[in-house]
Amino acid sequence: MRISQDFAPTGPDVATTARRRPARGRAAAALTAAVAFALVLTGCGGGSGAAPKFASAKSSADADRVEPLAGAPAPKLPVTVDSADGKKVTIDSTDRIVPLTGSLSEIVFTLGFGKQVVARDITATFEQAEKLPVVTRAHDVSAESVLSLKPTIVLADTTTGPSEAIDQIRDAGIPLLVVEPAKGLGDVGRRIDTVAEALGVPSAGTELKERTEKRIADVQKSIPDHTDGKKPRVAFLYLRGSASVYLLGGAESGASSLLEAAGAVDAGKESGLDKDFTAITSEALAKAAPDAILLMTKGFESVGGMDGLVKIPGIAETPAGMDRRVVTVDDGVLLNYGPRTDRVLTEIVEQLYAKGGKGQ
């Protein structure tokens, strides 16, 4: 289970997984189900909380827009492409596009097809998409709603479900392409290329991929040297206070690639957590010993900001808790690994290496 920008795991559907587990795993299944429920919520409880100690210089308005390529693309269709679920998909029109995840919506809009998108997943929160009708919540696709819009192409990824809805859309004769999800920076270009090829604009995909990769590289050049020779240790926590979900990310959480690109150490991964997430305990936090904590903005708010964060057992005793040191990034972009990843990396770098912060 890797928590993505889409507020949903990128592995098998968690509700289905929980149902398959034996009785001895019910406690873990209950936690998984709670996470799954929390992930599809667009707003979380809790007060607005205190501002992060190291605030980003980027505005939320800037972070919540995509930047399309200049010029309208001219698709060369039809094309036949390989779907991640082993099927061949032929696309002969991009007149009415329905991306079933927020991250795929971002790629489609950035490639210049925003005017052809007729619906969105609830996690496509950026400004250009916000007025589109919501037809899905990642793991809860409404096939009827999708089909009512008469799409000419539907884009999904391997976590989109339920499978019955995917089958229903395909059985109606709609071309549906399944794309492998992103797990790190190395997947950004692949996903852009896949979507661009399906839309008949591979050259635009190449342009966007090169633009994105260059911007990410430029951000990495701005990372200051560590004067003490040590990289800052950063723990990624997934929090939903209103649902009592408190998790520490490990090697498969999805955050490791970002943290390492920002010149940091993923404290959870480094402490031996080789899976995705584990429940937060004082022992696990003590072993991770983070210098800073990475959080989604709504997760930070859901526990009451900094004052609430340090009340979670074990947080106050970590170097990050003692320094009240957090890095926050908007939920809708943090683990997207797409055309806006350079902005995400910029926010992490600016907050992590703020004047007076460790790592300087």
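Which rings do ring pairs link into a cluster? Select Phe236, Tyr238 and Phe277: those are the ones. Rings of Phe, Tyr and Trp (its six-membered ring) pair if their centres lie within 6.5 Å; planes under 30 degrees apart count as stacked, over 60 as edge-to-face and the rest as tilted.

Before going further, a word on what you are looking at. This is a predicted model, so local features need pLDDT of at least 70 and side-chain atom pairs count only at pLDDT 80 or more, while totals for chains, interfaces and linings use all residues. Residues are numbered from 1 along each chain as its sequence is written, and side-chain values use heavy atoms, with hydrogens and water left out.

**Stop 1: the whole chain**

Show everything as a cartoon. There are 15 helices and 13 strands; these are DSSP runs numbered from the N terminus, helices being H or I with at least four residues and strands E with at least two. Of the 360 residues in the chain, 54% are buried. Buried means under 20% relative accessible area, exposed over 50%, and partly exposed in between (1.4 Å probe, protein chains only).

**Stop 2: aromatic pairs**

Back to the rings. A search of the whole structure turns up three aromatic pairs. In one of them, Phe109 and Phe126 have ring centres 5.1 Å apart and planes at 80°, so the pair is edge-to-face. Phe109 sits in helix α4 (residues 102-113) and Phe126 in the loop between β4 (120-121) and β5 (134-136), 17 residues apart. Both Phe109 and Phe126 are buried.

Now pick Tyr238 and Phe277: their ring centres are 6.5 Å apart with planes at 70°, so this pair is edge-to-face. Tyr238 lies in strand β8 (residues 233-240) and Phe277 in strand β11 (residues 277-279), so the pair ties together parts 39 residues apart in sequence. Tyr238 is buried, at 1% relative accessibility, and Phe277 is buried at 12%.

**Stop 3: a three-stranded sheet**

Select β3, β6 and β7. They form an open sheet in the order β3-β6-β7, with parallel pairing; two strands pair if DSSP finds at least two bridges between them. β3 (97-99) and β7 (176-179) stand at the edges with a single partner strand each, so one side of each has no neighbour in the sheet. Zoom in on β6 (residues 153-157), which four bridges join to β7. Here Val154 stands opposite Leu176 in β7.

**Stop 4: two helices side by side**

Pick α8 (residues 202-221) and α15 (residues 341-352). Their axes come within 8 Å and cross at roughly 10°. Axes are lines fitted to C-alpha atoms, for helices over the stretch in contact, and angles run from 0 to 180 degrees between N-to-C directions.

**Stop 5**

Another cis bond runs from Gly161 to Pro162, with omega near 5°; Pro162 lies in the loop between β6 and α6 (163-171).

Finish at Ser244, which has a positive phi of about 55° although it is not a glycine. Ser244 is exposed, with a relative accessible area of 51%.
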